[in-house]
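Here is a short note to read beside the model. Keep the structure open and find each residue as it comes up.

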Amino acid sequence: MTQQGKGQGSQQGGAQSRKRALISVSDKTGVVEFARQLEARGWEILSTGGTYASIVAAGVAARQVSDVTGFPEMLDGRVKTLHPAVHGGILARREPGHLGQLDAHGIGTIDLVCVNLYPFRETVARGAAFDEAIENIDIGGPAMIRSAAKNHAGVLVLVDPADYAVALQDDVSPADRQRLAAKAYRHTSEYDAAITAYLEGGSDELPTALPGTLTLNLSRAAEVRYGENPHQPGAIYRLGGAVGPVIDAQVVAGKPMSFNNYADADAAWALCQELAAQEMQAQAGDPVAVCVAVKHANPCGVAVADDVKTAWERARDADTLSVFGGVVAVSAPVTLEAAQATRGTFLEVLIAPEVTPEAAAWFAEKKPDLRVLVAAAPQGISVLDVRPLTGGFAVQERDARPWDDLCPEVVTTRQPTDQEWHDLRFAWTVVKNARSNAVVLARGGVTVGLGAGAVSRIWAAERAVANAGERAQGSVLTSEAFFPFDDVVRLAASVGVTAILQPGGAKRDPEVIAACNELGLSMVFTGSRHFRH
């Protein structure tokens, strides 16, 4: 320490008669009033930069940290709190040995550290250049937070304005001190995770690679009564600073969401938005409404129409049995007329981009148990798909391959008609969002038969055909994986299917193609399989 530093600090040594708080925040919510109340309780306030200017302008007496360290801020503010007069005052245990050392060096204790960090995430989110992002990596802030959290028995650490009231209590309990310390370490951990992800080429919610070490920065976004079953505790967590269309949806009517509601609504909304974008492209921008009904994470009725009411009725009628108790997503605003069309069908969740006030009021009165959500179109969806294993996770890039990324090849003599091409594309989008093994039959922009989650492909096809009944006549069939035998082809032909789409790539592809030619079916290979376990 320089003689200047020691001299300045000595004023705060053993003769220190009142508690000191160091306040330096980027988020200045409530900080002026907090500082004012600390001052009224006899605290001395130390501060830096913009925080110092704000609280002094409000009439609060404060000292700059540089007055305590005896050393000015330098390197454009990169160095201002990294000094023994700061960290010694924070880290010293409140016992004679440590306090004696502080006294010997003219250093006073710091009893409260109120710090939150440079806005790194916000800087990156607005598309700032690399150099600006780097300058928004806080160094002194995390060091002070971690020091205070380590010594939380003697130092209060605050990283969230919501906790200011706790610090103003006459006596803060050991349990609250420990809770605040844990929150502080979580704060710095999340901050470091965001920086790490950015430097690796992504962001904390949108990693773009599979690094050697993957940090999942999760914060609880919602509480639920229980998990999949009543004996399982559960909660909903947000990844980093990501915005989730379902997690952040506005509930405009009905009961709180359950664990399973979240899972099914997320699946329904993702498929609904993908189909809506695809159909808008196919229709050259003309208005279109998509309705997706999901049960146990599998689509059970999907339809496209000119309006929401018709789309809902077509999706409902695709499988009236399975849609009971299901979750429904629509791609266009729900009007009162569309809302009233759901009368007579029990649903758990309805999610839409907009629900008119009249429709919301009708749902609240007529379907009080139905959760009605308004969600925004998904933006910046994470590329990672994370699934739990015992002792770890299986992680992969999400299957986000669009139709336009495929190179569909007609491998049969007969070519699909224009309507069959449209239905094949529609059914392909549905089947790749269903659990394997999966087979989907569709006709005229409606799923007429679905078989999902089967342990055999022929069983999936048999389930889809049975689900379709007479509606299989004139439909198309899609499979998310190749056909090992020609049995699915022969089953499809027997019920009137006219065109099939599948990845291809099986050893018996020639036999499968020959069966299609024999039976007069079109077959398209995509070269891309879409297993979903």
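1. **A residue to start from.** Asp248 is partly exposed, with a relative accessible area of 37%. The scale runs like this: buried is under 20% relative accessible area, exposed is over 50%, and partly exposed is in between (1.4 Å probe, protein chains only). Asp248 forms a salt bridge with Arg238, at 2.8 Å from N to O. A salt bridge here is a side-chain nitrogen of Lys or Arg within 4 Å of a carboxyl oxygen of Asp or Glu. Arg238 sits in strand E7 (residues 235–239) and Asp248 in the loop between E7 and strand E8 (250–253), so the pair ties together parts that are 10 residues apart in sequence. Helices (H or I, at least four residues) and strands (E, at least two) are DSSP runs, numbered from the N terminus.

2. **What kind of model this is.** The model is predicted; local features need pLDDT of at least 70, side-chain atom pairs count only at pLDDT 80 or more, and totals for chains, interfaces and linings use all residues. Residues are numbered from 1 along each chain as its sequence is written, and side-chain values use heavy atoms, with hydrogens and water left out.

3. **Confidence.** pLDDT is the predictor's confidence in each residue, from 0 to 100. The chain averages 86, and 91% of the residues score at least 70. Over residues 1–15, the pLDDT is below 50. That stretch still has 29 contacts in the model beyond near neighbours in sequence; a contact means heavy atoms within 4.5 Å. Where pLDDT is low, the predicted coordinates should not be read in detail.

4. Asp163 and Lys183 meet in a salt bridge of 2.9 Å, N to O. Asp163 lies in the loop between strand E5 (156–158) and helix H10 (164–167), and Lys183 in helix H11 (residues 174–199), 20 residues apart. Asp163 is buried, at 6%. Lys183 is buried too, at 19%. Salt bridges that share partners join Asp160, Asp163, Asp176, Arg179 and Lys183 into one network.

5. **Cysteines.** A search of the whole structure finds zero disulfides. A disulfide would be a pair of cysteine sulfur atoms within 2.5 Å. Cys114 is buried, at 1% relative accessible area. Cys516 is buried as well, at 0%.

6. **The sheet.** Five strands form an open sheet in the order E3-E2-E1-E4-E5, with parallel pairing. Which strands are at the edges? They are E3 (63–64) and E5, and each pairs on one side only. Two strands pair if DSSP finds at least two bridges between them. Strand E1 (residues 20–24) and strand E2 (residues 44–47) pair over four bridges. Ile23 has Ser47 in E2 as its bridge partner.

7. **Helix H19.** In H19 (residues 487–494), Val488, Val489 and Ala492 are buried. They cover an arc of only 100° around the axis, which puts them on the same side of H19. The arc is that of the directions from the helix axis to the C-beta atoms. The buried residues pack against helix H18 (457–468), strand E19 (476–479), strand E20 (499–502), helix H20 (509–519) and strand E21 (522–525). Gly496 follows H19, with a positive phi near 95°.

8. **Helix H20.** Its buried residues are Asp509, Val512, Ile513, Ala515 and Cys516. They fall within an arc of 155° seen down the axis, so they line one face of H20. The face turned away carries the exposed residues Pro510 and Glu518. The cover over the buried residues of H20 includes H19, E20 and E21. Just after H20, Gly520 has a positive phi of about 80°.
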